[in-house]
Amino acid sequence: MPRHFTLSPDGSRVLFVRTVSGTDPVGRLWQYEGGTERLLADPALLVGSGSGAVPEEERLRRERARERSVGVVSYATDSATRLVAFALSGALWAVHTDGGAPFSVAAAGPVVDPRPSPDGRHIAYVSRRCFHVVDLTGADRRLAAAEGPDISYGLAEYVAAESMHRMRGYWWAPDSRHVLVARVDTGPVERRYIADPADPTKPPRAIPYPAAGTPNAEVTLQILSLEGERVDVEWDRTAYEYLVDAGWDAHGPYLAVQSRDQRILRTLSVDPATGATTVLHERTDPAWVELVGGTPARTASGALVLPEDDGDTRYLTVGGHRVTPEGLQLRAVLGVEGERVLFSASEDPLETHVWSHDPGHGCRRLSRGPGRYTGVGRGGTVVLTGVTPRGDEVGVLRGPGPDTGTGAGTGAGAGTEDETGTPDDAPRQVIASLAEEPSVTPRPRHLRLGERQLHGALFLPSWHEEGAGKLPVLLDPYGGPGGQQVGRSREWPSCVSQWFAEQGFAVLAVDGRGTPNRGPAWEKAIFGDQLTPALEDQVDALRAAGARFDDLDLTRVAIRGWSFGGFLAAAAVLHLPEVFHAAVAGAPPTDQRLYDTHWKERYLGHPEEHPENYVRSSLAGHGHLLRRPLLLIHGLADDNVAAAHTLRFSAELLAAGKPHSVLPLPGTTHLPADDTVNAQLLHFQRDFLLDSLAARIDEG
């Protein structure tokens, strides 16, 4: 599927990355202009682009971004979108979008995260944890050298990438002469050692991992000039140790910092001459301040663009004023151009749409039809990318702009207008998605279940005739913060649920309390207890669905999941064996103290201050309760949910005399990337669950 879109200032050109088929892992750089695609960079044609190993920092960055492709996986441009820089196997490459072949740029070492200056005269990058700037002739300057093995410049630390979704570690100034650079010291952070048991000759890999309650990396900021000058940015790092985000616009550098307990988030402006900071805004919350992608930001006039939680709505605010209505849940700010703000939001938890806000014209929805959409906008053009019930689609919208009152359509035309103000018959240019069609077609029945009107999707076998017989039930949740399984979109979770349905299950996916898109109160209902509300909602939904559909056999109920879903699946058979009769738990966080600081303390607090929350929300210590078949699956190279979660819990189960099964996956990280492994995992889970439920019939 096309991704990583960038628009030129006039909106006439679109850059993106796409492979040539759903079975090809090699990303290529493309440009779309005037309805025509042009290949800008094909790694297979670049001499020497495949030589050498990917730098360790780049490998970690890709893993944290869940990046599975190779080749051109990311890129950056100058402000005119005329120069593009990207890394291939540690080498620095660039290409001009107005013609010419890609060319290599001499660099001091393996290159990570190259980014051109706004004027296109220089390219910044990180190599061996040092920060460099090179011009197109190869003249290289090391602006910041790592003072030791624990120090890095220009890279995001672990919790920033994994829990704050900040993948960047430096930001160019508009003048192209200064850069705001993060310095990270992981010296205080505990080390974890990930070995490869399948290769006992291979030494373990040490990674700094800040587990809940332990020290974080020390993160500071410096303003570096191309002439070698350095200004330290000053803020109260004792009170606000998390650097959430940063940037540099026409009004100067700015940053967002957060307290360790995550109840206060401050937006600060920076004086580039002295490094002194001034508080522009402060958000507080008695549970936690939710981070919203793309914020903080500023309009051309300097108005702050921020979220605001009030009651059960997350609003978009511009200049301190709410600009979105009650009930429209802000998801992310996608871009700011002039005074216009492009953002994604949800009126219905099952859908996410792209909206724009213009002063004097209010908010208008730009995406049409059911689905989950995001996008980018610039120069009067919006690129919408979405996953709909039919699959992937990417549309390029060009229009007369908001002043005409015709929305963000592709031009004037006859016909009626939909709710976005876009003419129904207005043509929309399409960038082709070459993604593979799934082997099954999801057939969800969207339901509202129980007293809390839980959103659920029921998947039945395509061959099943209602009333012809009872089906065993398989719950297929994620059920935790940041993720949804249920929506009006053909995403991979719905395809997997339908696949299990075709194997003979009635599959039920449910989004309970703690999942996004239903407002702040819904999200924060799990504060202090990540287990009880989530498990209650799965049970309530199951019983409500069973009461509505006679073909669901509630005497044969299984549950499966991965990550938080795996935790939920294992908890179900531990605590409610009378309801759940078998479970598959993939990469489950069984001991919440082993998870990282920012993510886990957000929901459970500091473990020294609230140890009861961690006991309540962990599987560890409850293994003696197991009475049902349980399959634990874990990648032994997982640096997110360490394999220790499963191995320690398995040891606890053995000590308690509780039979169970464990499937270790050598060389696999948090999400298996190998297609063969994933295919076999589906069949292995199916057979385990069917055998376990069949054994229950025999017992009966």
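This is a predicted model: local features need pLDDT of at least 70, side-chain atom pairs count only at pLDDT 80 or more; totals for chains, interfaces and linings use all residues.

User: Thanks. How many helices and strands does the protein have?

Analyst: The protein has ten helices and 44 strands.

User: And what does it span along its principal axes?

Analyst: The C-alpha trace spans about 80 × 65 × 50 Å along those axes.

User: What share of the residues is buried?

Analyst: Of the 700 residues, 57% are buried. The protein exposes about 27,100 Å², and carbon and sulfur atoms supply 51% of that area.

User: What about contacts between residues 24 or more positions apart?

Analyst: Such pairs account for 59% of the contacts with a separation of 6 or more.

User: Let us turn to a sheet. What is the strand order in the open sheet of four strands?

Analyst: The order is β21-β22-β23-β24, and the pairing is antiparallel. At the edges are β21 (242-249) and β24 (277-284), each of which pairs on one side only. From one strand to the next, the twist averages 20°.

User: How many bridges join β22 to β23?

Analyst: Five bridges join β22 (residues 252-258) to β23 (residues 264-270). Opposite Thr267 in β23 stands Ala256.

User: Now a helix. How far does α5 reach?

Analyst: Helix α5 covers residues 532-548, which is 17 residues. From first C-alpha to last, α5 reaches 24 Å, close to the 24 Å expected at 1.5 Å a residue.

User: Which of its residues are buried, and what covers them?

Analyst: The buried residues of α5 include Pro533, Leu535, Val539, Leu542 and Gly546. Their cover includes the strands β37 (444-449), β40 (506-511) and β41 (552-562), as well as helix α6 (564-575).

User: One last topic: where is Leu330 found, and is it buried or exposed?

Analyst: Leu330 lies in strand β29 (residues 329-337). With a relative accessible area of 5%, Leu330 counts as buried, because the cut-off for that class is under 20%.

User: What is Leu330 in contact with, beyond its neighbours within four places in sequence?

Analyst: Leu330 is then in contact with Val292, Pro307, Arg314, Tyr315, Leu316, Phe343, Ser344 and Ala345.

User: And how far apart are Leu330 and Phe459?

Analyst: In sequence they are 129 residues apart, and in space 29 Å, C-alpha to C-alpha.

Technical notes: Residues are numbered from 1 along each chain as its sequence is written. Side-chain values use heavy atoms; hydrogens and water are left out. Two strands pair if DSSP finds at least two bridges between them. Helices (H or I, at least four residues) and strands (E, at least two) are DSSP runs, numbered from the N terminus. Axes are lines fitted to C-alpha atoms, for helices over the stretch in contact, and angles run from 0 to 180 degrees between N-to-C directions. The expected span of a helix is 1.5 Å times one less than its number of residues. Buried means under 20% relative accessible area, exposed over 50%, partly exposed in between (1.4 Å probe, protein chains only). Contact means heavy atoms within 4.5 Å. Accessible areas come from the Shrake-Rupley method with a 1.4 Å probe; for residues, only the protein chains shown count as cover.
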